[in-house]
Amino acid sequence: MRIDKFLKNARIIKRRQVAKKACENGRVSINGNLAKPGSVVEEGDIIEIAFGKSNLKIKVIDLIDGAKKTTAEEMYEVIDG
């Protein structure tokens, strides 16, 4: 699954276009490498996202296409942030 789609489906970022911009601006990394909007996310990956002055570090648990609000939190586990 693409990183921009994952961030939207997991409801970490509300819109895919905003997730795409975050990747283009160097605010998202996957396993320590800067992510492009089309970078592929797999289960077990560690994603770091810079939100202004705070950072969020998560581990990908499951890839759910079209996740509902109730299942979105099952897609990841917060490690730090």
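**Exercise 1. Work out how strand 3 is paired with strand 4, and how many bridges join them.**

Step 1: Strands here are DSSP runs of E of at least two residues, helices are runs of H or I of at least four, and both are numbered from the N terminus. Strand 4 covers residues 54-60, and strand 3 covers 46-51.

Step 2: Look at the pairing. The two strands run antiparallel, joined by six bridges; strands count as paired if DSSP finds at least two bridges between them.

Step 3: Check the turn. Strand 3 and strand 4 make a hairpin with two residues between them, and Gly-52 in that turn has a positive phi of about 60°.

Step 4: Ser-29 has Glu-48 in strand 3 as its bridge partner.

A word on the source: this is a predicted model, where local features need pLDDT of at least 70, side-chain atom pairs count only at pLDDT 80 or more, and totals for chains, interfaces and linings use all residues. Residues are numbered from 1 along each chain as its sequence is written, and side-chain values use heavy atoms, with hydrogens and water left out.

**Exercise 2. Find which residues touch the most other members of the largest nonpolar core.**

Step 1: A nonpolar core is a set of buried Ala, Val, Leu, Ile, Met, Phe, Trp, Tyr and Cys residues joined through side-chain atoms within 4.5 Å. Buried means under 20% relative accessible area, exposed means over 50%, and partly exposed is in between (1.4 Å probe, protein chains only).

Step 2: Read off the members. The core has 21 residues, and those touching the most others are Ile-3, Phe-6, Leu-7, Ile-12, Val-28 and Ile-47. Helix 1, helix 2, strand 1, strand 3 and strand 4 each supply at least two residues of this core.

Step 3: Zoom in on Ile-47. Beyond four places in sequence, its contacts (heavy atoms within 4.5 Å) include Ile-3, Phe-6, Val-28, Leu-56 and Val-60.

**Exercise 3. Find the residues other than glycine that have a positive phi, Arg-11 and Asn-31, and say where they lie.**

Step 1: Recall the background. Most residues other than glycine have a negative phi.

Step 2: Take Arg-11. Its phi is near 60°, and Arg-11 lies in the loop between helix 1 and helix 2 (16-24). Arg-11 counts as partly exposed because its relative accessibility is 47%.

Step 3: Take Asn-31. Its phi is about 55°, and Asn-31 is in the loop between strand 1 and strand 2. At 44% relative accessibility, Asn-31 is partly exposed too.
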